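Please take some time with the sequence and the structure shown here before reading on.

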Amino acid sequence: MKHAQSANREELFHRKAERKMAAESAQLLAALRNREDYRSEFDAFLELLSDTSDAAAARRSGRPVLKLLCVQAPLELIHAAGFHPFRVFGGSLAAAALAAGNLPALTCPLLRAVLGELRLKASPAAGWILPTTCDWVVKFPEMLRLSGVEDSPQIEWLELPRLKSRPDSRERWLTEIWRLKEFLEKLAGRKIGRKTLLESIGRYARAAAARQKLREARIEGRLSPLWFMLVMSAFFLDEAGGWAARVERLLPALTRRRENSGGRIFLAGSPIVFPNFKLPLLLEEAGLTAVADDLCSSERLFPGTLTTGDGSVFGLVSALAGSYHQGCLCPVFADNERRINNILNQRREAAFQGVVLGVLKGCHPYDLESYSLEEPLKAQGLKFIRLETDYTQEDRQNLLTRLEAYRETIRNAE
Amino acid sequence: MKLKIGVDLGSTAIKTVIAQEGEVLWRGRTNTAPGQEEHALRLIGSGLRALGFAMDAVAGIAVTGYGKKLFADASVRVDEIGANAAGLFRLSGGAARTIINIGGQDLKVLRLDENGRVADFRMNDKCAAGTGRFFELAARLLDTPLGGFGTLSRRACQDLELNSTCVVFAESEMVSLLSRGTPREEIIAALHRSVARRAARLLWRDAPGPVWLDGGPARNAGLVEALEDQLMTEIRVLEEPQHTVAYGATLALAE
């Protein structure tokens, strides 16, 4: 048999990865449709997740897309400038495999998958807004070049001050956000006025209110953790108001269901990105219910409703900057004690008995922070388990064994 | 009093215990192979025959281990970490508080409360370093039966190091040492130290001693010595350390 030429081979690799990626998503979506707690109202989100490309998000939102990796760029500002903020997906094992060449062996699986997906379906016209969060994100433009996605990506950097409590950090961040506003205005060819900004803030406030209702439904057992995560995963595939409207239509259909008897837990750690739902599925299989989380791919996808007494453009931008910086619980910050407080506060509301912390191999900030979370949380009587994994399925049994034993430690403590 | 049967469907071996009133009457073991339930039932059959009982004398079968879902007729399925804790606690006369279990493809450390329940545990990730599989690989490579590892390692006098984080790297190192003419006993002693380091990394610094070691590799006296040296505490091993998990499963069956 004649060997394919290299250009041809590249094409074949792409087609194979595309097929596998489609199969990964289709398999999860089909499994969700076959669940006992499936409701036709979920179709509004399943339909969104049938195409997770930035092109699809642009089409649905009716706006040009600006791509994001992290959660610190104020979405309201981007929307007010006429763009659709789109956090790229990175949950496909096949996509991660496609990006494998030219990258360090322990590259964060999420970014690896992002690179793979972008190789297949990125719109080069859409630029990036990247806060300097972890080392992987800082090196992302190099990774884009090395993995053959984009040679000269358009990136608007936001230099993220890592010490939230210092007053000069807040000022530096505000300067960064003000610079972002100017960048967006130049890109859009128009100023961001007070009225447009207020309208945009209102849109995201509606989304935050919808998310709050979803949170309550999960705590009360009307929405399973898996569906909660799925609904949140679809957030960037429609504009914020459209997503909120879909949630508002879903909420009346949610009725009380039988909860897993194994124990209520809080899910923390590295983001869990569609369609890589390995960990939430294993939690369910082990009989554990994740009634709350602090994942930046789920509950912490965007901040809560903005509150400010100053309705001027400066006042609104300052409030947005504070909300996306001071309120952020990402482990890249040096002073992040609020993360523990957040878990303990949520415990009062959601009554969970333990914390499951998932770390993606190569995700160093979450990995490091897991050790400093363990002791204080245990001291508060919470059972704690740290699970390190990647996107492959080969460690499922190992993880399940641990989760089953962890469930027993929760039962024993009752 | 009826019999209670515990089956541990592990990754490398199926272990079975038949007990009555908490006392072990019979133990059996066979290698894991496709058709695990059939192999386990055959093992149970030979145990009952050896004891002179029939199936109607059995109160129930408790199943644990990686393959526990493959055994359709289980009276109860038990998580293997809980079964390990319960079994060793009872067999140690309630003395065990810290356990290291080396299974076919995992390494676990357990901390028990005063009632023998799991208070905390840790487990290796998916690499086979520090597990029973690591020993099997070494036995093949060194062409030495596992039963001889303990005696051979006592003859070692060097202080060689082997990789303790990756079984593939450790295998390459062993091949390289063999090709340089390094005596087998030195490689085996290095292997024991490597596994002991791996276990020590998992164990809590404040884990109460003595530490109880179980799982198949616990029968290896060389490994026990390496662990004592690494952990600076006494290591205790029961007579049949491979069957504690299966025995622990029987304790989950109602009277």
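Predicted model: local features only at pLDDT ≥ 70, side-chain atom pairs only at ≥ 80, totals over all residues.

**Helix α2 of chain B and the contact between the chains**

Helix α2(B) covers residues 80-91, which makes 12 residues, and the distance from its first C-alpha to its last is 16 Å, close to the 16 Å expected at 1.5 Å a residue. The helix is mostly covered, since 11 of its 12 residues are buried. Among the buried residues of α2(B) are Glu80(B), Ile81(B) and Gly82(B) at one part of the list, and Leu88(B), Phe89(B) and Leu91(B) at another. Just after α2(B) comes Gly93(B), which takes a positive phi of about 70°.

How many residues does each chain bring to the contact? Chain B gives 14 residues and chain A gives 12 residues. On the side of chain B that touches chain A, α2 and β8 (118-123) of chain B each supply at least two residues, and β8(B) gives the most, with 5 residues. By type, the residues on this side of chain B divide into 6 nonpolar, 1 polar and 7 charged.

Helix α17 of chain A (residues 396-413) packs with α2(B) at an angle of about 55°, and the axes of the two helices are 7 Å apart. That angle makes α17(A) oblique to α2(B). In this contact, Thr401(A), Ala405(A) and Glu408(A) of α17(A) meet Glu80(B), Ile81(B) and Gly82(B) of α2(B), and the residues involved divide into 2 nonpolar, 2 polar and 2 charged. Glu80(B), Ile81(B) and Gly82(B), which meet α17(A), are also listed with the buried residues of α2(B).

**Two further helices of chain B**

Helix α3 of chain B (residues 132-142) packs with α6(B) at an angle of about 170°, with the axes 12 Å apart. The two helices α3(B) and α6(B) are therefore roughly antiparallel to each other. Phe134(B), Ala138(B) and Leu142(B) of α3(B) meet Arg184(B), Ile187(B), Ile188(B), Leu191(B) and Val195(B) of α6(B), and the residues of this contact divide into 7 nonpolar, no polar and 1 charged.

Helix α6(B) is also one of the elements against which the buried residues of α7(B) pack, and the others are α4 (149-153), β9 (211-214) and β10 (235-237) of chain B. In α7(B), which covers residues 221-231, the buried residues include Gly222(B), Leu223(B), Val224(B), Ala226(B) and Leu227(B). After α7(B) comes Met232(B), whose phi is positive, near 55°.

**Paired strands**

Strands of a sheet pair through backbone hydrogen bonds, either parallel or antiparallel. The table sets out strand pairs from both chains.

| Strands | Sense | Bridges |
|---|---|---|
| β1(B) (3-9) and β4(B) (58-64) | parallel | 6 bridges |
| β4(B) and β5(B) (76-77) | parallel | 2 bridges |
| β1(A) (65-68) and β3(A) (128-131) | parallel | 2 bridges |

In chain B, Asp8(B) stands opposite Thr64(B) in β4(B), while Val63(B) stands opposite Arg77(B) in β5(B). In chain A, the bridge partner of Lys67(A) is Trp128(A) in β3(A).

Chain A holds an open sheet of 4 strands, in the order β2-β1-β3-β4, with parallel pairing. The edge strands are β2 (84-87) and β4 (155-158) of chain A, each of which pairs on one side only. Neighbouring strands of this sheet are turned by 30° against each other on average, direction ignored. Helix α3 of chain A (residues 54-61) lies across β1 and β2 of chain A and runs at about 150° to β2(A).

Lys195(A) is found in helix α10 of chain A, which covers residues 194-219. Is Lys195(A) buried or exposed? Lys195(A) counts as exposed because there are 10 C-beta neighbours inside 10 Å, and a residue is exposed if the number is 12 or fewer. The C-alpha atoms of Lys195(A) and Ala80(A) are separated by 9.2 Å, although the two residues are 115 residues apart along the chain.

Key. Residues numbered from 1 in each chain as written. Chains lettered and ligands numbered in written order. Expected span 1.5 Å × (residues − 1). Buried ≥ 20, exposed ≤ 12 C-beta atoms within 10 Å, placed from the backbone. Contact = placed C-beta atoms within 7 Å. Nonpolar A, V, L, I, M, F, W, Y, C, P; charged D, E, K, R; others polar. Axes fitted to C-alpha atoms, helices over the stretch in contact; angles between N-to-C directions. Parallel < 35°, antiparallel > 145°, perpendicular 65-115°, else oblique. Pairing = 2+ DSSP bridges.
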